[in-house]
Amino acid sequence: MFKTIKNALKTPEVRKKLLYTLVLIIVFRLGCFITIPGVDAFALNEAMGSANGIAGLINIISGGAFSRFSIFAMTISPYITASIVIQLLAMVIPALERIAKEGGEEGRQKMNKYTKILTIVLAIVESLGIYLSYKSSGIFVNPGFLTGMLVVLSLVAGTALLMWLGEQITNKGIGNGISIIIFIGIVSSLPSVATTLWGLVFSGGTFSTTGLLIALGIIIGAVILVAGVVFVQTAERRVPVQYSKKVVGRKMVGAQNTHIPLKLAMAGVMPVIFASSFMTFPAMILQIFIKNIDTATGFWAGVYKFSIATSTSNVPIGYSIANAIVYLLLIVGFTFFYTYATFNPAEVSNNIKRNGGFIPGIRAGKPTTDYLSGVISKITWFGGFFLAVIAILPMLLRFTGLNIAFGGTSILIVVGVALETVQQLESQLVMRHYKGFLN
């Protein structure tokens, strides 16, 4: 990876793209410190100092922007939700499916337009919910209609600006812009993690051997976790395919041996994002309609505690265990859903048959479809349980009293984005080298 970065800095065009991406990242981080007008800074520190649950989770993804109530407090989450909704609608609405599959570049632009419109709608709804949730907390100087409008407009404008920054990084920089923004938001919490570990080793200003062992255990565990994620993200099951001789034009094309690469984690981090959104959605709704939900009692208070158990330790252990079980089942279920939504065994089987190919030992047609379905099912079970374990294991740290806000979901996103960006950087370098050779 370091060699790739070194070579990239030596190539003028790639270096320019890297610097452009860096400038936009700096703009994003500066925006995280611009507080919305009309917010009382002292009341904000008091209110956000005890923020936990869904607020704490959003704060991690936003790189601390939520705790500062900045213009980027909602981060890029409305755009992600809108993208997921549009993808799901494209599976059930024939007109959208035709646009997505047959529209080409024009179809892609239309889908992007629909996603942006839905993003603004969701951003308005979410920003309104945030304002109503914190209206009675005293963080606004003059809470009222005009203040609410200012807060909503500021948050929606911040999300729209982040959406534009993401597009600019994708088109003129290196990597996927939206993923880079999420990546930077998560990585920005690393200094606080380092501070926490330092506090373990030097508790109260004195050296602690127990704290040192705990800190070393956390670091070693994190390294093993990252290594496991990298291994599974890059691992693939190769299904061999043979193509017989055929006539193309006036030439006889010889037989070819190739393979279908099926990744173990084909769905990537999407099932974890889906499951997290599904689990935290009740908490977001209840925070809007019930005041002081953190200290409330009753049925809805129980639903709220169950919903936020993934992101906080301030709930009874029974809620955490139940939440972890449901969270695991949802991740596995969404892994199957997303995998079969992106990979159709019947369609792949028909393409192989149409091009005169076959899987050795398997007849073309339905037997090939059944074989591919079996392979996909096995690797999806593995991928789903792997994602679930990675997402749930870091939750155990909360029972040790450690406040390390860097969970399994964060690690999956950070590693996935880093691998994707390095691969794109390598492809850019290969393209430049080929250009130089041809010239």
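Analyst: Buried means under 20% relative accessible area, exposed over 50%, and partly exposed in between (1.4 Å probe, protein chains only). This is a predicted model: local features need pLDDT of at least 70, side-chain atom pairs count only at pLDDT 80 or more, and totals for chains, interfaces and linings use all residues. Residues are numbered from 1 along each chain as its sequence is written, and side-chain values use heavy atoms, with hydrogens and water left out.

User: Is M91 buried, exposed or partly exposed?
Analyst: M91 is partly exposed, at a relative accessible area of 38%. You'll find M91 in helix 5; helices are DSSP runs of H or I with at least four residues, strands are E runs of at least two, numbered from the N terminus.

User: And how much of the chain is buried?
Analyst: 42% of the 439 residues.

User: Switching topic: what's the strand order in the open sheet of three strands?
Analyst: The order is 6-3-7, with antiparallel pairing. Strand 6 (256–263) and strand 7 (357–358) are at the edges with a single partner strand each, so one side of each has no neighbour in the sheet. Strands pair if DSSP finds at least two bridges between them.

User: How many bridges join strand 3 to strand 7?
Analyst: Two, with strand 3 covering residues 236–243. Q242 has F358 of strand 7 as its bridge partner.

User: Which helix lies across strand 3 and strand 6?
Analyst: Helix 16 (residues 366–392). Helix 16 runs at about 165 degrees to strand 3, where axes are lines fitted to C-alpha atoms (for helices, over the stretch in contact, meaning heavy atoms within 4.5 Å) and angles between N-to-C directions run from 0 to 180 degrees.
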